Amino acid sequence: MDIVRLTPELHFFRFPVGHVYLWEDADGLTLIDSGAPGAGARIAEGILEIGHHPGDVRRLVLTHGHIDHVGGAAEIASWGDVTVYAHRADAPAVRGEAEMPPADLSDWERPIFERANKEISVAALRPVRVDREVEDGDVIGFGGGARVVPVPGHTAGSVVLHLPAYGVLFTGDIAARDPGSDDPDTPVFPGVFNVDPPQALDSFRRVALLETEIACFGHGEPVAGGASARFREAVGRLS
């Protein structure tokens, strides 16, 4: 895992599969997503490396219920006074009470999906409590007020988090960039492995309407400036 400081408040924890982001506020730390199973220990090491303690984490916000985003959640939730957030539609799966519906895969997605799954141990996944189920328009108390915007299609309970005060967007998997490229001009594109592909494209188009400078993806390098323009270009390519 590598750590990249994107702004004074925002750190990017780069994982091979399922990136994690950390936001610093005066009242504590917020993690956005938790990586694949086994990521918790590495996230804790990273928090120590940047001069904080895992016990400083106050919030863990899950953009959706897939294993590469919730894999470290149970460990993180045990660190202390941590509130775990997830959308109500994915919360039963996060708690281990239901299965996540399978993706509707195109033929070209299938081999990529199979390769990605070989890197993750499903058996190691531990359910985690959800302390607060979020809905459209909810505001979570970090980053000057993080707006919850549902973006169903990748999963029924996928959300993005928009921080208008800072121009930052956490996309989860409704959008992505090529994970194998660190070229700053790498395009943004709609996420893959969607449970409802047409709905996911509609959600992607809605996300492109948000005004953002920095976009943070579950897969692929963040866009460090001019993110809204990148999303508009991506929507143009879909037309």
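**Figure 1. Residue classes in the lining of the largest pocket of this predicted model**. Nonpolar residues contribute 26 members to the lining of the largest pocket. In total, 40 residues line the largest pocket, and its volume is about 1,100 Å³.

**Figure 2. The centre of the largest pocket**. Of the lining residues, those lying nearest the centre of the largest pocket are H66, I67, D68, F113 and N117.

**Figure 3. Helices and a strand that line the largest pocket**. Four elements each supply at least two residues of this lining: α2 (67-70), α4 (91-94), α5 (109-118) and β12 (175-176). Helix α5 gives the most, with 5 residues in the lining of the largest pocket.

**Figure 4. The second largest pocket**. The volume of the second largest pocket is about 210 Å³. Its lining comprises 13 residues, and W108, E109, G191, V192 and N194 are the ones that lie nearest the centre. By class, 8 of the lining residues of the second largest pocket are nonpolar, 3 are polar and 2 are charged.

**Figure 5. Elements that line the second largest pocket**. Both β13 (189-190) and α6 (197-207) supply at least two residues of the lining of the second largest pocket. Helix α6 gives the most to this lining, with 3 residues.

**Figure 6. The hairpin of strands β1 and β2**. Strand β1 (residues 2-5) runs antiparallel to β2, and 4 bridges join the two strands. Within this pairing, I3 stands opposite F13 in β2. The hairpin that β1 and β2 form has 4 residues between the strands.

**Figure 7. The hairpin of strands β2 and β3**. Strand β2 also pairs with β3 (residues 20-25), in the antiparallel sense and over 4 bridges. L10 has W23 in β3 as its bridge partner. Between the strands of this hairpin there are 5 residues, and in the hairpin G18 takes a positive phi near 80°.

**Figure 8. Burial of strand β2**. Strand β2 is joined by 4 bridges to β1 and by 4 bridges to β3.

Methods. Residues numbered from 1 in each chain as written. Predicted model: local features only at pLDDT ≥ 70, side-chain atom pairs only at ≥ 80, totals over all residues. Heavy atoms only, no water. 1 Å grid on protein atoms, 1.4 Å probe; cavity = no way out; pocket = protein on both sides within 12 Å on 5 of 7 lines; lining within 4 Å. Points joined across faces, edges and corners; volume = space filled by probe spheres on them. Nonpolar A, V, L, I, M, F, W, Y, C, P; charged D, E, K, R; others polar. Buried < 20%, exposed > 50% of the residue type's maximum accessible area, 1.4 Å probe, protein only. Pairing = 2+ DSSP bridges.
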